[in-house]
Structure formats: C-alpha cells, structure tokens
Amino acid sequence: YWKGGALIIHSFQEALKKNKKIRLNFVGDGPQKKDWINLVNKLKIKKFVKFHPWQKHYNMENFYKKNDIFIFPSFHDSGASVVSEALSYSLPVICLDLGGPAIKIDKNCGFLIKTKKKFFNKNNLIKDISNKIILLSENKPLLKKLSHGAYIKSKSMTWKNIIKSAYKNI
C-alpha cells in the first residue's frame, strides 16, 4: 500500500485514455505485486504495462536510460535515493509531496503532486498524476527542459549541500 503501486496503475490507465503511445515499466517486487498484476489485467491495459522484478543497483541504469520520466508514487519514504538516481539520468520526476522526495523535486526537475488537501481523495491524485504524464508525453520542449533541470538538480545533491540544507531547516 505505501508504495503506491495501485495509484500509479490507475493514473497510467487514465493517461492512456488520452495517449495510446505511452508505456509503463513497473520495476519492483513485494507482497502486493500479484495484486498489481491482477489490477492491470482487470483494467485491460496489460499490453501497455511491463512488470520487471526488483533490480540490483547496477541494472537500474538500463531502465533509466530507456525511459523518459520517473514516477515515484510512494506515500511514505524518508530518503528515496532512487529519486536522486533518476534525476542523475536526466529523468524528470513525478512524485507525491510527501517524505524525502518532496524536498528533492521542484518545478525545474519535475512535479510534486499535492496531497495535503487531497490525500483522502484518490480520484484527485489519479487525475493529477495522469495529467502530468500526459503533459510530459505531449510537450517535448517541457520534457527536454525538465530533463536538463533534473540533471542540474542531481549535481546539486552533494553531501555538503544536503547537510547544509538540513541544518538550515532545523
């Protein structure tokens, strides 16, 4: 539940209604994977979604290089180093404004989906994520701008800068 797998599947399905050219590469394992696969089958979007097992760190490079955006729908994650990795491969990130990702992503490198007022309204979260997927799939200049911003953002994430930022927020 906390990983937001069902949220991304529903959001992708919504986006697919507007753009049949998009594809979802779903990387990861866990106790809910079977439920996510069943949901994809139930929604009849199996030919647009590919599930991949959990990957070792060195294998993730292939996924970063073959995709245009990175969606991190987790409801609870303190660090989310995978978000930093995605940025370093110039992938704009779509994530919820919760936990660690919320302090990494800004308008120059991706989209933070607001949850504060909408947290209990699943349909609004789905719509917001779906709209961002569509926007990036159809607006190549924006995708290019955010891709460049993602790379720049990743270069600012040095330990020195992270510690400096943490002390500033205390």
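Reply: One definition comes first: buried means under 20% relative accessible area, exposed means over 50%, and partly exposed lies in between (1.4 Å probe, protein chains only). This is a predicted model, where local features need pLDDT of at least 70, side-chain atom pairs count only at pLDDT 80 or more, and totals for chains, interfaces and linings use all residues. Residues are numbered from 1 along each chain as its sequence is written, and side-chain values use heavy atoms, with hydrogens and water left out.

Me: Is Q13 buried or exposed?

Reply: Q13 sits in helix α1, residues 5-16. Helices (H or I, at least four residues) and strands (E, at least two) are DSSP runs, numbered from the N terminus. The relative accessible area of Q13 is 18%, so Q13 is buried.

Me: Which residues does Q13 contact, leaving aside neighbours within four places in sequence?

Reply: Contact means heavy atoms within 4.5 Å. With neighbours within four places in sequence left aside, Q13 is in contact with L43 and I45.

Me: K33 is a lysine in the model. Is K33 buried or exposed?

Reply: K33 belongs to helix α2, residues 33-42. Not counting residues up to four places away in sequence, K33 touches G28, F51, H52 and P53. Its relative accessibility is 14%, so K33 counts as buried.

Me: How many salt bridges does a search of the whole structure find?

Reply: A salt bridge is a side-chain nitrogen of Lys or Arg within 4 Å of a carboxyl oxygen of Asp or Glu. E14 and K17 form one, at 2.8 Å from N to O. In that pair E14 is partly exposed because its relative accessibility is 30%, and K17 is exposed at 55%. The search of the whole structure finds four.

Me: How far apart are the closest N and O atoms of E61 and K65?

Reply: Both residues lie in helix α3, residues 57-66, and they are four residues apart, about one turn of the helix. E61 is partly exposed at 31%, whereas K65 is exposed at 57%. They form a salt bridge, and the closest N and O atoms are separated by 2.7 Å.

Me: D106 forms a salt bridge with K153. How many residues apart in sequence are the parts that this pair ties together?

Reply: The closest N and O atoms of D106 and K153 are 3.2 Å apart. D106 lies in the loop between α5 (99-104) and β5 (110-113), and K153 in helix α7, so the pair ties together parts whose separation in sequence is 47 residues.

Me: At what angle do helices α6 and α7 pack?

Reply: Axes are lines fitted to C-alpha atoms, for helices over the stretch in contact, and angles run from 0 to 180 degrees between N-to-C directions. Helix α6 covers residues 122-138, helix α7 covers residues 140-155, and their axes are 5 Å apart. From α6 the contact uses L135, L136, S137 and E138, and from α7 it uses K140, L142, L143 and L146. The packing angle is about 100°.

Me: What is the relative accessibility of F111?

Reply: F111 lies in strand β5. Leaving aside neighbours within four places in sequence, its contacts include V93, I94, C95, L135, L136, L142 and L146. F111 counts as buried because its relative accessibility is 16%.

Me: What is the phi of S90?

Reply: S90 is in the loop between α4 (81-88) and β4 (93-96). S90 is partly exposed, at 26% relative accessible area. S90 is not a glycine, yet its phi is positive, at about 65°.

Me: How much accessible area do W159, I162, I163, Y167 and I170 have together?

Reply: Patches are made of residues with over 30% relative accessible area and no salt bridge, with like charges joined within 9 Å and nonpolar side chains (Val, Leu, Ile, Met, Phe, Trp, Tyr) within 5 Å. I170 is in the segment after α8 (159-169), and I170 is exposed at 80%. Accessible areas come from the Shrake-Rupley method with a 1.4 Å probe, and for residues only the protein chains shown count as cover. The five named residues form a nonpolar patch on the surface, and their area together is about 670 Å².
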